[in-house]
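I opened this model to record its fold, its core and its charged pairs. My entries are set down below in the order of the look-up.

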Amino acid sequence: MRIFTVKSLISVLIVSAVVAGAAATPPAGTRMTRDFAQAAEQTDQFEIMEATTALAQSQDAQVRSFAQTMIQAHRQTTANLKQAVVKAGLEEPKPGLSGDQSAFLAALQSQRGGDFDRTYLKQQMLVHHSALAVMQGYASSGDDPTIRQVAIAAVPIVTSHLQMLEKVGATLGSSK
């Protein structure tokens with residue numbers, strides 16, 4: 001039978017307190033920064049998933065070209081965000097989609113033909129307008145300079161995506 005000394009008992013209590021304190025340590029970064037990083041991660045993943053679906057289901061060359069551009073661009077913005085998160089000492093955002101994004105993706109996957117293309121472009125327009133607002137907001141008032149640079153760099157990318165959507169939508173609308 002082992003007898004604990006006062007010294008060994010104190011050591012156990014100190015280690016327990018340190019472990020408990022480490023578990024209770026709040027995540028790095030402000031809530032604003034963590035929320036922004038999570039939203040940016042989810043948007044990129046949603047864009048990639050919708051674009052992959054478009055490549056599989058659309059027969060329209062312009063829609064497919066736009067989808068391929070989205071995959072490439074959002075893989076790059078994901079990589080930029082991950083690098084910045086590491087540099088800023090933050091936890092990586094959790095993978096996955098928001099509830100709205102999951103519903104959008106399910107609705108898109110149920111469409112076929114011209115309805116698919118119109119739904120995809122409509123959803124992309126909505127999502128890109130939302131993403132632009134989020135990026136512009138954090139770019140102008142974000143509190144982490146490293147993460148803020150990601151938002152600043154993303155604004156012209158998202159703006160160009162909206163311009164591409166307008167062109168594809170105008171062409172698709174006039175040809176259908």
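Predicted model: local features only at pLDDT ≥ 70, side-chain atom pairs only at ≥ 80, totals over all residues.

Residues are numbered from 1 along each chain as its sequence is written, and side-chain values use heavy atoms, with hydrogens and water left out.

**Fold.** I found six helices and zero strands in the protein chain, taking helices (H or I, at least four residues) and strands (E, at least two) as DSSP runs numbered from the N terminus. Of the 176 residues, 34% are buried; buried means under 20% relative accessible area, exposed over 50%, and partly exposed in between (1.4 Å probe, protein chains only).

**Core.** I looked up the largest nonpolar core, which has 33 residues; such a core is a set of buried Ala, Val, Leu, Ile, Met, Phe, Trp, Tyr and Cys residues joined through side-chain atoms within 4.5 Å. Its largest share, 10 residues, comes from α6. Y120 is among the residues with the most contacts inside this core. Beyond its neighbours within four places in sequence, Y120 is in contact (heavy atoms within 4.5 Å) with residues including V63, F66 and M70.

**Salt bridges.** I counted three, each a side-chain nitrogen of Lys or Arg within 4 Å of a carboxyl oxygen of Asp or Glu. R118 pairs with D115, the closest N and O atoms being 2.8 Å apart; both lie in helix α5. E92 pairs with K82 at 3.9 Å between the closest N and O atoms.
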